[in-house]
Amino acid sequence: EKTNRVLLLAQIGGTVHKTEIIKRNFRKNLIRNWNIFSEVFIPRHVNLVLRPAVALLLVFVLGSSGWIATVAASQNSLPGDLLYSTKRLTEKTQVAAANVVGNTEGETKLRVGFAKKRAQEAGQLLDTHEAVKIQKVAVVMSDLKKEINYVKENLEAIKKDNNSSVGAVALKEINRETTQIKSLLKETETKLNLTATSTIKSEEITKELVQAKNATKDVSITATEVLVDKHLKGDATVSEAEVKQAVSDQMKDAVLDANRKEQVLQTVKIEADKKVKDLENIIPVATSSVNSLAVATTTVSTTTVKALEDNKNKLEATAKTAGQASTEVKKVSDFVEQKADQATQMLHQNNLTQAVKLMVEVNEANKQAEQVTNQVVSQVREMTPEVVNKIAVIESAASGVEVSTTIVSSSTVVSGTGR
């Protein structure tokens, strides 16, 4: 209990100097939100009596307690920290407030912002190099996916509602945020591949990460679709140049993504083939050594040779699978480049509707390529972690993460309960 109290005070202490500003903003927002809430839920004759008293009471209670400082301190917390539950509760309260007044635009912007926070948290958890912390990345990715799926539902509703009050400015912001989330998830993928250790259940994390990436891509595509639709329906707040740029950016990202997957699979095949040749040279030497050893040590040495042969067989199978996958993804890459060229032509011809259709097509094709690529990478991660470092170098070109020449080994990743 004493330790928890010390940790709690330490986390709060770093933000005490911001408390007065936060208090002022909180009080202002509190009164505004109370006005909205009271108009919706309390009869007007009661509201006139209650509004000043309740608003002042809430400001006094919350403003004079440590709650505001706790909320402020919780914003830098990670899963496993004492204040993380406060951080999440604050987010849920904000969403609930937006729901109460039917503010779809506000809720959507909040949720995409929270999804971005989850993406940031995933990278921060991997940076700790603590096994217990890193394992929480799977849950964080699951939470991100939930937020993103809510965003997509709202965007789909906006797309169907011709009278939606959600403006182009908000859609542009959502588009920018999802672009940043995609970048953060690429960084997370790179960091995860560098954290190659048997103490981490990387398959579970990878599964959630891939789903989160695909969900984010879908939302980014949908936001662009709605933006184009707003323009085509005469919304003056979004220009033709802006929607063309949005579609063009999506196509460029798709091409880069497809090319990266193709390069990753080619690298896996090349490196797996090298490992097989190395083992082909090592196994005869090991076998010869076994034959010359005394009977007492033969059993142990035979086991070693058998392990080498098994590893060689697995690597041969992986190299074959990577070769087949590379051929398949190469077709996807060519398809994406072809569709990107067509989309460019459509944009020059001001055929925005057809350009958007092509954008959706390449997104679906890339998701299939993503699935194939991750299956192969998962296989090679377990057998030859050093190969994954080479893959991370390729991915770093897209994510901007600086990659060292060595992976984070199981000796570097430490166990612990977190901070």
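**Figure 1. Helix H5 (residues 84–100) and helix H6 cross at roughly 160°, and their axes come within 8 Å.** The view is taken from a predicted model, in which local features need pLDDT of at least 70 and side-chain atom pairs count only at pLDDT 80 or more, whereas totals for chains, interfaces and linings use all residues. Residues are numbered from 1 along each chain as its sequence is written, and side-chain values use heavy atoms, with hydrogens and water left out. Helices (H or I, at least four residues) and strands (E, at least two) are DSSP runs numbered from the N terminus. Axes are lines fitted to C-alpha atoms, for helices over the stretch in contact, and angles run from 0 to 180 degrees between N-to-C directions. H5 and H6 are therefore roughly antiparallel to each other; angles over 145 degrees receive this term, those under 35 count as roughly parallel, those of 65 to 115 as roughly perpendicular, and the rest as oblique.

**Figure 2. Side chains at the contact of H5 with H6 include charged, polar and nonpolar residues.** H5 contributes Tyr84, Lys87, Arg88, Glu91, Gln94, Val95, Ala98 and Asn99. From H6 come Gly106, Glu107, Leu110, Arg111, Phe114, Lys117, Arg118 and Glu121. Contact means heavy atoms within 4.5 Å. Eight of the residues in this contact are charged, five are nonpolar and three are polar. In this division, Ala, Val, Leu, Ile, Met, Phe, Trp, Tyr, Cys and Pro count as nonpolar, Asp, Glu, Lys and Arg as charged, and the others, Gly among them, as polar.

**Figure 3. Helix H6 (residues 104–127) packs on helix H8 (residues 137–160) at an angle of about 160°.** The axes of H6 and H8 are 9 Å apart. That angle makes H6 roughly antiparallel to H8, and H6 passes H8 in a left-handed crossing. The residues of the contact of H6 with H8 comprise 14 nonpolar, three polar and six charged.

**Figure 4. Helix H9 (residues 168–194) packs on H6 at an angle of about 15°.** An axis separation of 9 Å accompanies this angle. H6 and H9 are therefore roughly parallel to each other. Their crossing is left-handed. The contact of H6 with H9 draws on 11 nonpolar, seven polar and seven charged residues.

**Figure 5. His129 and Asn350 are loop residues.** Most residues other than glycine have a negative phi. His129 is not a glycine, yet it has a positive phi of about 60°. The loop that holds His129 lies between H6 and helix H7 (131–135). His129 counts as partly exposed at 29% relative accessibility; buried means under 20% relative accessible area, exposed over 50%, and partly exposed in between, with a 1.4 Å probe and protein chains only. Asn350, likewise not a glycine, has a positive phi of about 60°. Its loop lies between helix H12 (295–348) and helix H13 (352–383). With a relative accessible area of 44%, Asn350 is partly exposed.

**Figure 6. Ala343, in helix H12, touches Met251, Ala355 and Leu358.** These contacts leave aside neighbours of Ala343 within four places in sequence. Ala343 is buried, with a relative accessible area of 1%. Lys357 is 14 residues from Ala343 in sequence, and the C-alpha atoms of these two residues are 8.8 Å apart.

**Figure 7. Lys367, in helix H13, is in contact with Asn214 and Asp218.** Residues up to four places away in sequence are not counted here. At 17% relative accessibility, Lys367 counts as buried. A C-alpha separation of 9.6 Å is found between Lys367 and Gln211, which are 156 residues apart along the chain.

Figure 8. Of its 419 residues, 46% count as buried. Among contacts between residues at least 6 apart in sequence, 78% join residues at least 24 apart. The accessible surface comes to about 21400 Å², and 55% of that area belongs to carbon and sulfur atoms. Accessible areas come from the Shrake-Rupley method with a 1.4 Å probe; for residues, only the protein chains shown count as cover.

Key. Left-handed = near helix turned anticlockwise from the far one by under 90°.
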